[in-house]
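Student: I am new to this structure. Could you take me through some helices and a loop?

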Amino acid sequence: MVNQDDSFIREVNEELRSDQMKAIWTRFGGLIIGLAVLIVLGTVGKVGYDYWQETSSSQSGDAFLAALDLAKANKTDEALTALTQLEKEGYGSYPVLARLRTATLQAQKGETEAAITAFSEIGKDTRIPAALRDAARLRAAYLLIDAGTYDQVSAEVEQLAVPQNAMRHSAREALGLAAYKAGDYVKAKGWFQQITEDAESPRGIMSRAQMLLDVIAASGKA
């Protein structure tokens with residue numbers, strides 16, 4: 001991933017002198033979001049796994065594993081059916097994990113609106129542990145970068161972009177990307193600067209933020 005980030009950043013830097021903001025986004029926007037989503041998916045998976053580990057094994061656990069196996073085998077519709085049943089009848093943490101996995105599969109199928117709604121609802125469900133709610137909000141926000149507006153992204157994750165929140169780095173990146181895509185380069189610059197000025201920002205997120213700050217500076221628009 002580090003090599004991919006480095007080569008990607010070098011390629012974008014070669015485009016800086018062209019001062020074609022729209023062309024840069026058209027060419028590289030999907031990859032930027034894709035790299036960011038990989039990080040968020042890893043976060044969702046890690047938080048979900050930790051939550052799962054805290055619960056005792058049960059029939060619901062077996063059912064959840066079976067649904068995951070179906071998904072890995074590309075039997076998406078069968079996996080969704082199994083997960084829906086687990087949401088309704090599962091025990092302990094498994095209904096929540098089933099909701100998260102269902103939303104992920106919907107996104108993979110291209111059912112973006114349904115996935116956004118599902119992640120957003122999880123993020124607002126106060127019965128669910130805060131870490132899982134925050135991870136769901138981030139996933140909704142990254143989907144909304146392409147499918148929604150800056151205000152919609154902000155509604156999901158601006159509350160996470162504070163110094164005390166462990167997920168602030170990804171939240172700031174989502175906000176910066178949404179502002180950049182919307183053409184608000186001043187606001188985008190502000191979010192990306194918060195990332196580069198935070199010593200705890202992960203290397204990949206900081207590198208992408210700095211690259212986009214360079215693009216914005218080269219444009220003279222902020």
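This is a predicted model: local features need pLDDT of at least 70, side-chain atom pairs count only at pLDDT 80 or more; totals for chains, interfaces and linings use all residues.

Student: How are H7 and H8 oriented to each other, roughly parallel or roughly antiparallel?

Tutor: Two packed helices are described by the angle between their axes and the distance between the axes. Here the axes of H7 (residues 130-147) and H8 (residues 150-157) come within 8 Å and cross at roughly 170 degrees. Angles under 35 degrees count as roughly parallel, over 145 as roughly antiparallel, 65 to 115 as roughly perpendicular and the rest as oblique. The two helices, H7 and H8, are therefore roughly antiparallel.

Student: Where do the buried residues of H3 lie, seen down its axis?

Tutor: Buried means under 20% relative accessible area, exposed over 50%, partly exposed in between (1.4 Å probe, protein chains only). In H3, the buried residues are Ser60, Gly61, Phe64, Ala67, Leu68 and Ala71. They fall within an arc of 120 degrees seen down the axis, so they line one face of the helix.

Student: Which exposed residues does the face of H3 turned away from its buried side carry?

Tutor: The buried side has a cover that includes helix H4 (76-89) and helix H5 (94-108). Turn to the face away from that side, and the exposed residues are Gln59 and Asp62.

Student: Which backbone nitrogen does the side chain of Ser60 reach?

Tutor: Ser60 sits in helix H3. It counts as buried because its relative accessibility is 9%. Beyond its neighbours within four places in sequence, Ser60 is in contact with Leu86, Gly90, Tyr91 and Tyr94. At 2.8 Å, its side chain reaches the backbone nitrogen of Tyr91.

Student: What is the phi of Asn74?

Tutor: Asn74 lies in the loop between H3 and H4. At 68% relative accessibility, Asn74 counts as exposed. Most residues other than glycine have a negative phi. Asn74 is not glycine, yet its phi is positive, near 65 degrees.

Technical notes: Residues are numbered from 1 along each chain as its sequence is written. Side-chain values use heavy atoms; hydrogens and water are left out. Helices (H or I, at least four residues) and strands (E, at least two) are DSSP runs, numbered from the N terminus. The arc is that of the directions from the helix axis to the C-beta atoms. Contact means heavy atoms within 4.5 Å. A polar contact is a pair of N or O atoms within 3.5 Å; within protein, one must be able to donate a hydrogen and the other to accept it, and residues adjacent in sequence count only if both atoms are side-chain atoms. Axes are lines fitted to C-alpha atoms, for helices over the stretch in contact, and angles run from 0 to 180 degrees between N-to-C directions.
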